[in-house]
Amino acid sequence: MEHPENAAEYKGLTVNEGVVNLPQVNPYATFRRKKRVLTAEDYVEGIRKGDRTMLGQAVTLVESNLPSDQLIAQRVIELCLPYAGNSTRVGITGVPGAGKSTFIEALGTELCHQGKQLAVLAIDPSSERSKGSILGDKTRMNELSVENNAFIRPSPSAGSLGGVARKTRETIVLCEAAGFDTILIETVGVGQSETAAHSMVDFFLLLQVTGTGDELQGIKRGIMEMADGIAINKCDGTNIERAQAARVSFKNALALFPPTESGWKPYAETCSSVEKTGIKEVWNMIEDYIRFTRANGYFDYKRTQQAKYWMYETINASLLNSFYQSPDLEPLIEQYEQRVLNNEISSFIAAGDLLKRYAEYKNK
């Protein structure tokens, strides 16, 4: 339709005709492309190229409990296995407050300066109430986190034995395939974490502090026997003399233990994570142990024993999950639980009946 405002008498005034058919969608809008679904081969290719983002995503798949994620994760691990095994695995444990995170940062920084490719698997304890974790180890390791040679991966313990379990071992495989030649595993330091960590590392380091009373009090003999070496941390300031005295105490205690299977004689070193003193000596102890066990064949023997151990652990975990996830058993478990609580049946008979039902269910 003609606009009268466009007549000659209305100088300086113009009205556009407008658009006849307005677009239904904003032509200036940007659309997100659908994210490409990565295959196991894509993950492995990225890991082998040293892509940290791809490595982190692969670790997330390993930690996931979703069946679809687990299928991809297992395939990724299978493809990475030929490239794994070429690293030094060190487990670090100690009582809460021993300074594990600070020590790992000091040791890790030293290793990065030596040209090592370092992966740190820090296990953060999960809340029994909320099941959540702070995952603050990477935040505390300010200096190490900016090193180009370092990869820090905090993971929630999620109720596993002290936070180290099958998924941690699988993460080690991924890190080794990515080219990391040194892997440090920090345990929560409570519960049965020491046993789990010992079953997946080459060297097991016990971190201890002084000034807390009897230095040997609270250190269980089982942990001492598993330790391949002891590092007495916080040997600085007014604590130097006590740290040296503790070193003698640990030396005497270790001498009373029976010979180790590897033939190695564990000993103690003092260090200060804050002042960066004694860190090289601790690493020298670890390297001496690796050379010693490689020479007498124990290094390879221990690796094969660990692989066998985790095969059976995986079988046990799979059977446990299969039992509790059986749809036919879920209502029965609640019924038997209530009968046990009402003293109608013993715990042993209830367990036997449920296992019998489970066997029948699997044989259908």
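Residues are numbered from 1 along each chain as its sequence is written. In this predicted model, local features need pLDDT of at least 70 and side-chain atom pairs count only at pLDDT 80 or more, while totals for chains, interfaces and linings use all residues; side-chain values use heavy atoms, with hydrogens and water left out.

**Figure 1. Overview of the protein chain.** The protein chain has 14 helices and 7 strands, assigned as DSSP runs (helices: H or I, at least four residues; strands: E, at least two) and numbered from the N terminus. Of its 364 residues, 43% are buried (under 20% relative accessible area; exposed is over 50% and partly exposed is in between, with a 1.4 Å probe and protein chains only). Among contacts (heavy atoms within 4.5 Å) with a separation of 6 or more, 74% link residues 24 or more positions apart.

**Figure 2. Packing of helix 1 against helix 2.** Helix 1 (residues 40-48) and helix 2 (residues 52-63) pack at about 135°, with axes 8 Å apart. Axes are lines fitted to C-alpha atoms, for helices over the stretch in contact, and angles run from 0 to 180 degrees between N-to-C directions. Helix 1 is therefore oblique to helix 2 (under 35 degrees is roughly parallel, over 145 roughly antiparallel, 65 to 115 roughly perpendicular and the rest oblique). Asp-42, Tyr-43, Gly-46 and Ile-47 of helix 1 meet Met-54, Leu-55, Gln-57, Ala-58 and Leu-61 of helix 2. By class, the residues of this contact are 6 nonpolar, 2 polar and 1 charged (Ala, Val, Leu, Ile, Met, Phe, Trp, Tyr, Cys and Pro are nonpolar; Asp, Glu, Lys and Arg are charged; the others, Gly among them, are polar).

**Figure 3. Crossing of helix 4 and helix 11.** The axes of helix 4 (residues 100-113) and helix 11 (residues 279-296) come within 10 Å and cross at roughly 75°, so the two helices are roughly perpendicular to each other. Phe-103, Ala-106, Leu-107, Glu-110 and Leu-111 in helix 4 meet Ile-279, Lys-280, Val-282 and Trp-283 in helix 11. This contact comprises 7 nonpolar, no polar and 2 charged residues.

**Figure 4. Surroundings of Tyr-83.** Tyr-83 lies in the loop between helix 3 (67-80) and strand 1 (88-94) and, at 37% relative accessibility, counts as partly exposed. Beyond its neighbours within four places in sequence, Tyr-83 contacts Arg-48, Glu-176 and Ala-177.

**Figure 5. Side-chain contact of Thr-210 with Asn-239.** Thr-210, in the loop between strand 5 (203-208) and helix 9 (221-226), is buried at 9% relative accessibility. A polar contact of 2.6 Å joins the side chains of Thr-210 and Asn-239 (a pair of N or O atoms within 3.5 Å; within protein, one must be able to donate a hydrogen and the other to accept it, and residues adjacent in sequence count only if both atoms are side-chain atoms).
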